[in-house]
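Student: Could you take a close look at one part of this model for me? I'd like the cut-offs spelled out as you go.

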Amino acid sequence: GFEGKVTPRNSMAILNAGFNNNLFWDSRVQNVNELATKPIQNHIEMGMEEMANLERKLSNVSYYPALFEAAFGSNAITEDRIGNALAQFVCAITTTNSRFDAEQRQSFVGYSQMERMGHDLFFSARTNCARCHAAPNFAAPDFAGGEYGSTGGGTFGGGGDDLKGAANNGLDLAYADQGLGEGRFRIPSLRNIALTAPYMHDGSFNTLEQVIDHYDHGIQPHHALDKNLRNG
């Protein structure tokens, strides 16, 4: 963070951010404009506590008023316009042509034996990976009617307004950071996952092997543990 300060959470990847219905680890916003402007107002991340300070700062930079006029029709620099411009850029950061996408169009004929084994495990009832990380974005199915979306009954993996694309993944028994509540954090996209270490909301894992080890034998029996991670 700003001046070397440490943020309380690991930064999430923003690939395909526009495809998600809930954003940040605690699912506190539902649009990319706020995804872009909230970190600016975090004094640890950006050294700035309110957007009014940024509005004044940009207005005093010689070339920004003309750029805002070209984009918005007047040179007024406002929080909404800053958010909209940043959101347009963030939504352009996409990944849609991965090996999975290419092989999916060809029935995965080009996968190696190991890749095919991983594919089959990921989408199997044995692991339940795809229940939380649903294709094509490999993120929480948090759309209306999705398992982690805005309709349905129950809690902790059963659908409902309280989920917002988040789940307790058994990382701890006691959470200093409660996330959305009860240790629930947004289920992130796995797109380009090999490039976005460290992993988890607190950055506790540095490798994908450690992540897999956690789901294989490290899940803690928290009372709010997501149903897809419970035995039986």
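Tutor: Cysteine 132 is buried, at a relative accessible area of 11%; buried means under 20%, exposed over 50%, and partly exposed in between, with a 1.4 Å probe and protein chains only. This is a predicted model, so local features need pLDDT of at least 70 and side-chain atom pairs count only at pLDDT 80 or more, while totals for chains, interfaces and linings use all residues. Residues are numbered from 1 along each chain as its sequence is written, and side-chain values use heavy atoms, leaving out hydrogens and water.

Now for disulfides: the whole structure has zero of them, the term being a pair of cysteine sulfur atoms within 2.5 Å. For cysteine 132, the nearest cysteine sulfur belongs to cysteine 129 and sits 8.4 Å away, so cysteine 132 is in no disulfide. Cysteine 91, by contrast, is partly exposed, with 36% relative accessible area.

Back to cysteine 132 and a residue that touches it: asparagine 228 contacts Cys132 along with Asn128, Arg131, Glu147 and Tyr148, leaving aside residues up to four places away in sequence. Contact here is heavy atoms within 4.5 Å. Asparagine 228 lies in the segment after helix H9 (208-218); helices are DSSP runs of H or I, at least four residues, numbered from the N terminus. Asparagine 228 is buried too, at 8% relative accessible area. Its side chain also makes a polar contact of 2.9 Å with the side chain of tyrosine 148. That term covers a pair of N or O atoms within 3.5 Å; within protein, one must be able to donate a hydrogen and the other to accept it, and residues adjacent in sequence count only if both atoms are side-chain atoms.

Conventions
Helix = DSSP H or I, 4+ residues; strand = E, 2+ residues; numbered from the N terminus.
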